[in-house]
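These are my notebook entries on a single structure. I set down what I looked up, entry by entry, with the cut-offs behind each term.

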Amino acid sequence: MRHAMRVLRAEALKQHRQIFGSKLVLFSMLVWPLLQLAEAYYMLHPLQGGDSGGQRLLAFLATGTLGFTFFFSLVQSSWHFSMERQSGTLELLFLSPANRLVVVIANGFGALVQNVWLFVSFSVAMFWWLGVVDVAHPGMYAVVFLALLVPAVAWGAFLNSLLIFSRDSAFVYTLLDDPMWFVSGVRLPTSALPELVRAGGSVLPLTGSLAIVRGALLDGQGVGDLAGELATLAGLSAALLLAAVVALRAGEARAQRTGQLRLF
């Protein structure tokens with residue numbers, strides 16, 4: 001555990017110095033999510049009736065934007081992580097005695113914390129202002145936090161393990177931008193999507209996270225009501241971590257044979 005914490009601190013410090021050291025980053029951490037939220041709200045607001053409908057719509061979109069910010073920040077982090085292949089620092093990581101899985105988890109966790117804290121603070125203030133939060137008991141706030149954090153970290157570890165061995169990480173980055181918010185119910189309820197699209201979105205952890213977050217915060221559902229969604233999300237998170245381990249081992253084994261960090 002001490003070794004893992006040292007790797008976690010080192011990766012977070014590295015990312016802070018390389019990416020998050022500028023004050024302009026604080027601007028982007030809040031402005032881009034707000035622009036996405038405003039775009040979706042003013043596009044859909046004319047379809048709502050009355051002030052209460054508008055508040056409910058804003059809360060629905062805010063939870064979607066919050067979840068998307070969690071998960072897409074890790075897509076961006078993995079993209080940056082893959083670029084370390086060009087600067088040479090990635091080879092140094094593989095020469096170090098650091099556990100590979102711990103490295104990719106630490107990279108994702110460090111990026112997540114530094115990316116989302118500002119928008120999370122804004123979201124909490126907005127939910128309080130709207131007055132639409134309906135929770136069964138205070139413990140559900142912890143459930144909401146874990147339902148976002150754990151799958152997002154597993155998602156980041158999986159993407160890191162893939163993109164560091166990918167020849168075209170930009171393609172994966174583009175693939176997980178607009179398609180991810182569309183099939184996961186970020187701006188539209190998944191019930192409004194065709195069955196084939198819903199089936200595709202169900203394999204993304206963001207879909208399950210949003211179902212739990214909205215059920216707990218907006219619909220007053222407790223752990224018992226969300227037991228199925230929680231179990232599915234936990235299983236999916238475990239599967240992503242297992243897939244990360246497999247990808248890391250396969251990629252490193254190929255790198256040892258060929259001398260190149262290219263698996264696909």
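I count two residues as in contact when heavy atoms lie within 4.5 Å. With that criterion I looked up M180, leaving out residues up to four places away in sequence, and found that M180 touches F68, F71, F72, V75, W155, L175, L204 and L206.

**Entry 1. Basis.** I note that the model is predicted, that local features need pLDDT of at least 70 and side-chain atom pairs pLDDT 80 or more, and that totals for chains, interfaces and linings use all residues. Residues are numbered from 1 along each chain as its sequence is written, and side-chain values use heavy atoms, with hydrogens and water left out.

**Entry 2. Overall make-up.** I took helices (H or I, at least four residues) and strands (E, at least two) as DSSP runs, numbered from the N terminus. The protein has 11 helices and zero strands; along the sequence the pattern reads α-α-α-α-α-α-α-α-α-α-α. I used "buried" for under 20% relative accessible area, "exposed" for over 50% and "partly exposed" for what lies in between, with a 1.4 Å probe and protein chains only. Of the 264 residues in the protein, 45% are buried. I also looked at contacts between residues at least 6 apart in sequence: 80% of them join residues at least 24 apart.

**Entry 3. Nonpolar cores.** A nonpolar core here is a set of buried Ala, Val, Leu, Ile, Met, Phe, Trp, Tyr and Cys residues joined through side-chain atoms within 4.5 Å. The largest such core holds 51 residues, and F70, L112, W155 and M180 have the most contacts inside it. At least two residues of this core come from each of helix 2 (23–44), helix 3, helix 5 (100–130), helix 6 (139–163), helix 8 (178–183), helix 10 and helix 11. Helix 3 supplies the largest share, 13 residues. I also recorded a second, separate core of six residues, including A157, F165, A244 and L248. As background, nonpolar side chains tend to be buried together in soluble globular proteins.

Entry 4. The 25 residues of helix 6 should span 36 Å, and the end C-alpha atoms are 36 Å apart, so the two agree. Helix 6 is largely enclosed by the rest of the structure, because 18 of its 25 residues are buried. I then looked up S161, which is placed in helix 6. S161 counts as buried because its relative accessibility is 1%. Not counting residues up to four places away in sequence, S161 touches V104, A244, A247 and L248.

**Entry 5. Helix 10.** The 13 residues of helix 10 should span 18 Å, which agrees with the 18 Å between its end C-alpha atoms. Helix 10 is mostly covered, with 11 of its 13 residues buried. S209 belongs to helix 10 and counts as buried at 0% relative accessibility. Beyond residues up to four places away in sequence, S209 touches F71, A147, L148, P151 and L233.

**Entry 6. R214.** Which side chain of opposite charge is nearest to R214? I counted Lys and Arg as positive and Asp and Glu as negative, leaving out His and the chain ends. A salt bridge requires a side-chain nitrogen of Lys or Arg within 4 Å of a carboxyl oxygen of Asp or Glu. R214 is buried and has no salt bridge; the nearest side chain of opposite charge is D219, 8.2 Å away. R214 lies in helix 10 (residues 205–217). Leaving aside neighbours within four places in sequence, R214 is in contact with F60, T63, G64, G185, V186 and D219.

**Entry 7. The salt bridge.** The structure holds one salt bridge. R56 forms it with D219, the closest N and O atoms being 2.8 Å apart. The pair links distant parts of the chain, with R56 in helix 3 (residues 50–87) and D219 in the loop between helix 10 and helix 11 (227–258), 163 residues apart. R56 counts as partly exposed at 38% relative accessibility, and D219 counts as partly exposed at 43%.

Conventions: The expected span of a helix is 1.5 Å times one less than its number of residues.
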